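Take a look at the model first, then read on.

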Amino acid sequence: MRKPIIAGNWKMHKTVQEAKDFTKALADMVANSQVEVVLCPPFTALAAVVEAAEGTNIAVGAQNVYWEEKGAFTGEISPGMLKEVGCKYVIVGHSERRQYFGETDETVNKRVKAVLNEGMVPIICVGETLDEREQGITEKVVRTQVEGALKGLDAATVAGLVIAYEPVWAIGTGKTASEEDAQGVIAYIRSVIKELAQDSADRVRIQYGGSVKPANIVGLMQQPDIDGALVGGASLEPESFGGIVKGAAGA
Ligand code: PGA
């Protein structure tokens, strides 16, 4: 009932040419996949990836957005601009944005609303740091982030969201949360959403992110509450990303 969604977050990688080559190579590997496949290139390569993905089952997302429609905000990109270029998804509140660029639950909420206003789907990232996990406050942290991100949204809107649970200590470190740990926190996130938006909790898709690779995707996807993955490092080569999509489709 919840269609799996595998998204590649390229972060600050790939030129326009590299992005085009990648998309063409991936398209053949994921043709007819039962899994939703999303590529999130840097802003500069969005248009090229949209063009290269035309007629394939690859959708395109951005990695960030500003919440205003237009104005004197040097260096920022508006939701309307992303929509026009062909984005269907926008990653919001990635831990690197929170850590290096001062994003807060409040600004995440503004971005989420702005993305929804343009008819795109936010992929909302939440997750605890190593320090927070060691203090035993993982649930408290993700609850605050989820409640903050979803503030003011009605239940029907919540049903269409994608949430990515990404423990910060597992991002780019090679350390994946165990399948049981990931399932446990993701089930908890679903229970928090149930409090906020009842039946929508069964429809909202929740991904796991943090050192996902072809070797661990199947076990993750076999967990009842894990609906996909947000993939960083392993999304940079068509073989590994294609392998993750295949693994997710077979799980
Ligand atoms: P990683 O990154 O797969 O390289 O750990 C995941 C992410 O940051 O979304």
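Which residue lies over the face of Trp10? That's Lys14, at 5.3 Å from the ring centre. Here, a charge sits over a ring if NZ of Lys or CZ of Arg is within 6 Å of the ring centre and within 35 degrees of the ring normal.

Keep in mind that this is a predicted model, where local features need pLDDT of at least 70, side-chain atom pairs count only at pLDDT 80 or more, and totals for chains, interfaces and linings use all residues. Residues are numbered from 1 along each chain as its sequence is written, and side-chain values use heavy atoms, with hydrogens and water left out.

**Rings**
- A search of the whole structure turns up five aromatic pairs (rings of Phe, Tyr and Trp, the last by its six-membered ring, with centres within 6.5 Å; planes under 30 degrees apart are stacked, over 60 edge-to-face, the rest tilted).
- Tyr100 and Phe101 make an edge-to-face pair, 6.4 Å centre to centre with 90° between the planes.
- Tyr66, Trp67 and Phe73 are linked into a cluster by ring pairs.
- Phe101 also has Arg97 over its face, at 4.1 Å from the ring centre.

**Exposure**
- Tyr100 counts as exposed because its relative accessibility is 57% (buried is under 20%, exposed over 50%, partly exposed in between, with a 1.4 Å probe and protein chains only).
- Phe101 is exposed too, at 52%.
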